[in-house]
Amino acid sequence: MTPFTLDKLTISLQPSLEKFESLLLQLINADCQNTKQPEPEDAQQTVVIQERRLHVGVHNGWCFLDKPQVVVLEPVASGVRGRTDSTSKKSMLVKDSSATSSRPQMLGLRSSLEIKMANNQALAIVFQLEYVFSAPIGRETMLSATSTSRAAFLQCLRWGIWCPFQEPAHWKGKEVQLVLQGGAKPNPLGVMVYSTEASVQTHSNAAVSASSTVQERSEAKDVIRFWLFSSLEKKPSSPRVSLRTKQEDVPRQKSSPSPSRKQITPTSPPESPRGPGLSLSQLAATSRYPTISHSSSALPWQQSFPSLLHPSPLASAHQLSHVACSAVSNITHLEMDLQREGDKMTSKDEEGDHLQELPFTPIHAPVISLGANVPSSCSVSSRSSLAHLFSAGFPEILDCSGQVAEVLDPTEPMPFDPQREEADLLQGNLLVFEFLAFTRIPGAGGESDWPRNIYVTFQFYRFPPVTSQQLKLLTSDKVRPKANEALPCVLATINKDGSVNTGSPGLQIQFRVDDDFLRPREKRWFLRHLALHTMHIDVWDSDSLLLIGSTAMELKYLLRQGKPAVQALHELEILTTDYVEEDTLLPDADQHLRSTSTAMTVYTIVRGRLHIRTGSIGCPADPSRKRAADGISSYSHIITPREVTTTFKGGSLSTRNILQLNARNTAREHRLDGEPVLLNRNGIRAQDITPEAQSLNSDSRRRKLDCMAAVHRLEAKENTTAADVTGLNPATQLIREHQPSDEYSKAEGIANMLSQAITTQHLLYASLGSAEYMEFVLKNPFNVPQTITIHIDDSELSVITDTEEWRYFKAITKTSTPLEENMFHVEEAAPGPRVYLRPKESVHIPLKYQSFLCNHTISVQGPSFLPTGKGSQMAKKTLSNIINAKIIKVTFRAEDCKPMAICQVNVEPTPHVVDQTFRLYHPELCFLKKAIRLPPWQGSTAEDPNSCSDISVHCSDPNIVCQTRMMVPGEPQDVYLKVPGSPSPHIKMFFVMVFTDKWKAAPSQIWQVYVHFLERVDVSCVTGQRTCQSLVLRGKQAVRKIKCFLSHPKEIEVDPAGVFVLPPAAVQELQLRVQPWQAGSRFLYVNAVDMDQKRLFAAWLLCLSVHHPVLSKAFEVSVPAGNGRGSSRKITYTNPYTSTRMFFLRSDHPDLLQFREDKFQIGGGESYTIGLRFAPSQSSGSAEILVYVNNSEEKTEETFCVKVNYS
């Protein structure tokens, strides 16, 4: 395929562009006026031209080789022609001297367009001129829009075909002129083309020609003119085409003669990157309810997006949505850019040129992260529901003096004063989360009393994750709820034996945050976390272990602002997402377009409301702990080696004595520096340690050293092969190793003592993703200059060699030490950076520790059980996923490779904060590809306008691909994940760290992502008809009691439905009976639960492809609306068989239509009258109801469509 370039393209419409468009608008407006009732304001509501487009594609006689490109044309004067000048650095518009009128007389493309063709006579270039019209939305569209609302629709006006290779190429170096066609003629695009009566007469005898000369130049013909260049020809460069999204322009990339970019120079610069087929002007998909749910589609990457736009005046501009954008094409807008990149564009004829990536980001139907969209926490329950709720007798939240905590209103704004919080005398906080009740909201496919039992999972701040025990939903028989109101069900804990706890209702979980828990200077960050963050809560069905939904609760109502105690009542919506692909009816010839014309639609479903009461109780701080914390707060980032003030006092240099000496030196250093830190974390003051305790510590240390010596002896005993080589038995070898007079032992002991003397230890508290900065003071003790090489035995600790990065970390840590430019010499083959020191000179070596890896162990899915004797105010706290503890040595070696100083960094891990949790479901053993949309960074954008370009992401699992791309300012940005699959029902958990600063000092957000891998089962079925599918369940080592649970029990049935025994290594067949009522692609879930352990045993993901049934008859009925009375009708059905049959009646809208009898039996050839009862409606409108006549096997015999008009 050879690339060609279309340049200087213009289109002339007769008699002139102004008259042609004026006549066109007159005809369209007249047609619009004839199709609707006249209104007073119709005179001002006219159709206008919004955009002029040109489709250009290469056709081989059967189909297009590639999707036609779309460019936007602009009106230009007849004398103005696009032209490039090789001596100028910018493209310009040159006006011919013969031009006399400045009015736009033609349409022009002021940029070049690149197409690819082969030298074949069967290939042709197809042009299609298309206009985008903007029409007003009136009352006849049944949309509530203002008079300024408009909709866009498309219309093809002209088309043309040119075959450049059927005749000798006389077009080279000349202008090509082609007559455009119109009217009711067959065309390659298969669309209807506009034509006036004059145009039809004018073009009746016109023929398509491939010649480059003017074919009978006439003023009555519509002509397109252009120049065609091959990439093999040397041609002047033409203006580039820029890509613009719907809000901002992509920054122009200017080429530079840098040697590093020579290898990626394209053969022919892409003058016009290929577009997907449409521009973005006000054309979008239907907006959906904004989703903030954790859940995602099982097959998000298979979601197809429409590339064809069906003309409809109902697609208004206000329907743009970035949230549920599964049906929005990723469309670019081709515009003119009159700025050239250089004097001349060079080209290469060599093979192997790099492909130019199109500026289109992959579409994965992004999950929306929690930003400004937080579930509503305002109370929607009535006063009677609240009275019923608080009559259960929940325990009160009291302050330290026994008074009831002050009640805050979550609907009112919460002021936050950091100084007031820090100046509070009650420095300790007891934070209480009390789960009170759950309100059911019946949904499609679910039972009215679902769920019966629940449990919740969440993680608060950097405390370990919490999994609650089972909570029973209690309903009161005394209170009768109204038909349109659901009463909240009080929660009660369930014991391990299955009995309901008769104590106080609800579940209360407490967290104590005081100076003993917080690290130095952490309180300010904790208060900021409460003021700005939300806590993610997952609600599960404890019987089926299916996820009910998720919610998020604002934590700012835990701030006391100087009050003794506060409390707030939250009523949170439990949300989940459902992915549905609508089944569109396509002709047989267009079945291949199904993958591109249908799209996934994301629905947000409210599954219920969770009632939570939060409280914050102020507690007085312990004065001793406060003084200890104050002592630690003077911690510095400067590591200064201590001067050696003691000397060797003589004695044996045996291994045991050396270990004891090193232990005493370590203990002395800890007493001087590290003991206040360690003792404070244990709540002990240094002055409280008695001599007896010191003696116990010495004895304990001696016992540990004895154990270490025993380990050495055991290792020497196992090393028999080495002893045989030297000719010594193991006992003799052991004696020689531990003999004090041995020369090797003396050398080793002296080396250990010298190494210990020059070693400085530093205790470091680190968390996931956060960079810990420190500076080591390195001094040259010699009288000669030295070049020091820095060796680090762990890659997570590094030397900061970039001056800007060093300056940044000094600024955020407020370290006032000297900074030096170009301090380090770095070589590729060197073991580490090098620094030059003058005699007796001291320098500060900047070090940074940062870890992105952590433990990914998760608890088994299922509720927790409390030990016997525990109250309901407890919950299981699993171990937190934190980084590993380690000891890292930094050795500073002189030119003779001997160590000059050693810095030993002791890394103590601390938990990190989880800002949001995502749960994704995916088929097993295949990659998950998903996008998570980032929230707008309002704070950082206000300070630094370029901060959006510094967004980067890291994943805690190195086997997961996690990346983000720099976008145009103002456009949403997504984080793309590619997760390798695992067997079912494995759950993979990892963390995603989002950084908004250039040097990644600390993550702005940390996301916890759970991926549930399920066994995939594909089922193809028809609405209203039962389809059977078999599943295989295999036993394991032990006998299990298994029960299967379904996510949509009204649409799926399983056999066996109850509890069954699964022997070891046995195979159990499960029979699924699927009977859906909605067409399209959907995802349902089946869980097999171990009833004894309450653990998930197996899980399946049902991917349903549901099609519309074949309609037998169609009816239409009118039902009066607003009178509170329904309507009754009858339909006659005749048994087509000769024998007696039993038939069942089903409907896809049981709330709108009920049958007199759900089943009937009639003889062969007899007729039966089906009684229909339509429910009343309070509002006018229409609905289509399908009536299914099924046989005894639930196979559909007949399908009737009843259109009900409520008026």
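In the predicted model described here, Thr964 stands opposite Val975 in strand E40. Thr964 belongs to strand E39 (residues 961-964), in which Cys962 and Thr964 make up a covered face, whereas Val961 and Gln963 make up an uncovered one. Strands, like helices, are DSSP runs numbered from the N terminus (strands, E, at least two residues; helices, H or I, at least four). E39 and strand E40 (residues 974-979) run antiparallel and are joined by four bridges. Two strands are taken to pair if DSSP finds at least two bridges between them. Strands of a sheet pair through backbone hydrogen bonds, either parallel or antiparallel.

Residues are numbered from 1 along each chain as its sequence is written. Because the model is predicted, local features need pLDDT of at least 70 and side-chain atom pairs count only at pLDDT 80 or more, while totals for chains, interfaces and linings use all residues; side-chain values use heavy atoms, with hydrogens and water left out.

The chain contains 14 helices and 57 strands. Of its 1207 residues, 47% count as buried, where buried means under 20% relative accessible area, exposed means over 50%, and partly exposed lies in between (1.4 Å probe, protein chains only). Among the contacts in the chain with a separation of 6 or more, 77% are accounted for by residues 24 or more positions apart. A contact here means heavy atoms within 4.5 Å.

An open sheet is formed by three strands in the order E43-E47-E45, with antiparallel pairing. Strand E43 (1027-1034) and strand E45 (1052-1055) stand at the edges with a single partner strand each, so one side of each is left without a neighbour in the sheet. From one strand to the next, the twist averages 25 degrees; axes are lines fitted to C-alpha atoms (for helices, over the stretch in contact), and angles run from 0 to 180 degrees between N-to-C directions. Eight bridges pair E43 with strand E47 (residues 1067-1074) in the antiparallel sense, and Gln1068 in E47 is the bridge partner of Leu1033. E45 and E47 run antiparallel and are joined by four bridges, with Val1054 opposite Leu1072 in E47. In a regular strand the side chains alternate between the two faces of the sheet.

Another open sheet has three strands in the order E51-E55-E53, and its pairing is antiparallel. Its edges are strand E51 (1127-1134) and strand E53 (1153-1155); each has a single partner strand, so one side of each is left without a neighbour in the sheet. The twist in this sheet averages 30 degrees from one strand to the next. E51 pairs with strand E55 (residues 1167-1174) over eight bridges in the antiparallel sense, and the bridge partner of Ser1128 is Arg1173 in E55.

The largest nonpolar core has 45 residues, of which Leu778, Ile845, Tyr849 and Phe892 touch the most other members. Such a core is a set of buried Ala, Val, Leu, Ile, Met, Phe, Trp, Tyr and Cys residues joined through side-chain atoms within 4.5 Å. At least three of its residues come from each of domain 3 (751-909) and domain 4 (915-936 + 949-1108), the domain bounds being taken from an automatic or database domain assignment. Leaving aside neighbours within four places in sequence, the contacts of Phe892 include Leu778, Ile845, Met900 and Cys903. A second, separate core of 42 residues includes Leu431, Leu530, Ala531 and Met553.

Leu530 and Ala531 are also among the buried residues of helix H5 (residues 523-532), as are Phe526 and Leu527. The buried residues of H5 pack against helix H4 (418-422), strand E16 (428-440) and strand E21 (507-513). Gly549 lies in strand E23 (residues 547-554) and counts as buried, at 0% relative accessibility. Gly549 and Val606 are separated by 57 residues in sequence and by 8.1 Å in space, C-alpha to C-alpha.

Ile115 in E7 is the bridge partner of Phe4. Four of the five residues of E7 (residues 113-117) are buried, so E7 is largely enclosed by the rest of the structure.
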